[in-house]
Amino acid sequence: MLTSLRSSSRTLRHVLTFIKHFHPKIGVINFFKLQHDPPLKFYHSITQSQEVPTFSIPGEDYPLKQNVVAKENWMITKLCREGKISEARKLFDVMPDRDVISWTALISGYVKCGQVKEARELFDRADAKKDVVTWTSMISGYLRSKRISEAERLFHAMPDKNVVTWNTMIDGYVRNSRIEHALMVFDEMGERNVVSWNTVISGLVNCGRIDEAMGFFSRSPLKNVISWTIMISGLARNKRVDEARLLFDTMLERNVVSWNAMITGYAQNTRLSEAYNLFEKMPEKDVRSWNAMITGFIQNGELEKARKLFDEMPAGKNVVSWTAVISGLMQSGESEEALRLFYVMNKNSRVKPNEATFASVLGACSDLAGLGEGKQVHQVISKTAYQESEFVISALINMYSKCGEIEMARQMFDYNGLRDLVCFNSIIAAYAHHGFGREAIRVFEEMQKTGFKPNEVTYVGLLSACSHAGLVQEGLNYFKGLLKNESLKVRDDHYTCVVDLYGRAGKLKEAFDLLQRAPLKESAYSWGPLLSGCNIHGNLDMGKVVAKKLLDLDSVSGGIYVLLFNMYSNGGKLKEAEKMKMKMKEGRLKKEPGCSWIEVGNKFHVFVVGDRCNGESEGVCFLLFDLHEKMKKVGALLDDVVIMEECFL
């Protein structure tokens, strides 16, 4: 009896010491008041009326021991939920008595923190206590880590399975794009619940197998509002929006998620009026409803309506609301307004930007070549966790590159060694933009050595870099490698880069032959570089053929006529040049004027071709004339003729 008392006392002293160590503000008496709080009702507990006799104690004081274990389990669960897994492990290791809940809580904690190896080591211990929840948690850890074969072995070795275990396995297969395996497990199930059916239906929808999904939906004896919403969303995404609406109208019970799914479906299918009508009829709207409608307007080019709805939105705008409008403004060329809205968001709103917000704002800085603004945004980013995001780092690389700071772009690329494929693509494109072909090639080779496989975007930047740097043979070698790579799709812009490569190098016949045999959609975008090459190298005969092709494809582009005018003028064909000028006037065609700006003393100076409004115009024109004269003397100009484009404006 005395031994039992000492054992119980030691256990009690141990847990109280641990509580004081980790939570010094919680008194001993206050801690015991927690025994009747809701979080502890899951475990065994004793009532306040139960007291431990001073001397007449039974051989084993089970109620007290169970209560102490329950409190320790509660602490382990709490620490794991807060991400303090090492502290949870310390408590677990010093527990004198552990039950299955203790083991399951810590194993689940490891799984949620992504430490599957540690979870498995604990799971495999000889003294481990396991039940169906423990096994299911371990299987879930492997599936989350995409270690499918290990999850399968554990699943097949499991002594007893419940419906949650089966659903976990199905969901793991679905998330890892193994829908056939998911269907096989579903067929083997003895007992299914609504989650089982919904998971399979969702998996089929995500794979684009909408008819099969509809078949499962029709056969399902258990449907809830989630089942209906999955099906509505799937039909709408597959451009079967009318069928989705029929299903929506059939629903006996709808929630706000169902309404949002139908509104999004209409917006995705460019049926904005129907989306807005449904939005207006909603009995209850949440922030996602407003975001769905705003995003729908933006994706369909209705920025003004999106902005109006954003301004009408009641209090409660979240980061998605702000980011959608900022991104829409940036994509529509209203970068200054995008920046202004970002500053309003930071000043007047409690909402904090996320990585998508920062990427959109940095894109606006790139469009404006606003280095000062970009640096300010960078300072904001440096105070957040997003400074470690490859997505944000890629946007910073692009911003610094577009603002002329290629060295800063490289520093961002080298920052902390955080690199992914997007970052590699961004720095390659940056070097291409600045004409540093060799550097782009070195980065490409480094990317391959580190194990990253190039994608279609990588090759666009690489070929462009070779073109701008005059690296003809290197560019052609990379293009041949692309053609042999069956895992990548050769796109029109790849062919256009090679045409530009040939054109800049004077290999006009090779460029023409490539365009003739290439399996690409004919466009002014692909033939334009060849006409530029003909103009640079004075090949009038081929220039006429290419010009005819271009005018057949796009007869209303002023830029084509300007290129032809320059080509004929440089070749001494003044009559033909005058004809191009007359055709532009007859068709009322104008080339979009070139525009540039520079920031001096916190003030932007904007210059447009032919514009004399700027106070420094006279001095700028004198400097340019002097520069042209010096270029002529060193042979940097091909001709004494300088074509002034303002005659077309």
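Ser108 is a residue of helix H5, which spans residues 100-112. In this predicted model, Ser108 has a relative accessible area of 16% and is therefore buried, the cut-off for that class being under 20%. The side chain of Ser108 also takes part in a polar contact, with the side chain of Ser137 as its partner at 3.0 Å.

The chain that contains this residue can be described next. It comprises 35 helices and two strands. Of its 649 residues, 43% are buried.

One pair of helices may be considered in detail. Two packed helices are described by the angle between their axes and by the distance between those axes. For helix H13 (residues 225-237) and helix H15 (residues 256-268), the axes come within 9 Å and cross at roughly 5°. H13 is therefore roughly parallel to H15, since angles under 35 degrees fall in that category.

Which residues make the contact between H13 and H15? On H13 they are Val225, Thr229, Ile232, Ser233, Ala236 and Arg237. H15 contributes Val257, Ser258, Ala261, Met262, Gly265 and Gln268. Classified by type, the contact of H13 with H15 consists of six nonpolar residues, five polar residues and one charged residue.

Notes. Residues numbered from 1 in each chain as written. Predicted model: local features only at pLDDT ≥ 70, side-chain atom pairs only at ≥ 80, totals over all residues. Heavy atoms only, no water. Axes fitted to C-alpha atoms, helices over the stretch in contact; angles between N-to-C directions. Helix = DSSP H or I, 4+ residues; strand = E, 2+ residues; numbered from the N terminus. Parallel < 35°, antiparallel > 145°, perpendicular 65-115°, else oblique. Contact = heavy atoms within 4.5 Å. Nonpolar A, V, L, I, M, F, W, Y, C, P; charged D, E, K, R; others polar. Buried < 20%, exposed > 50% of the residue type's maximum accessible area, 1.4 Å probe, protein only. Polar contact = N/O pair within 3.5 Å; in protein donor to acceptor, adjacent residues only side chain to side chain.
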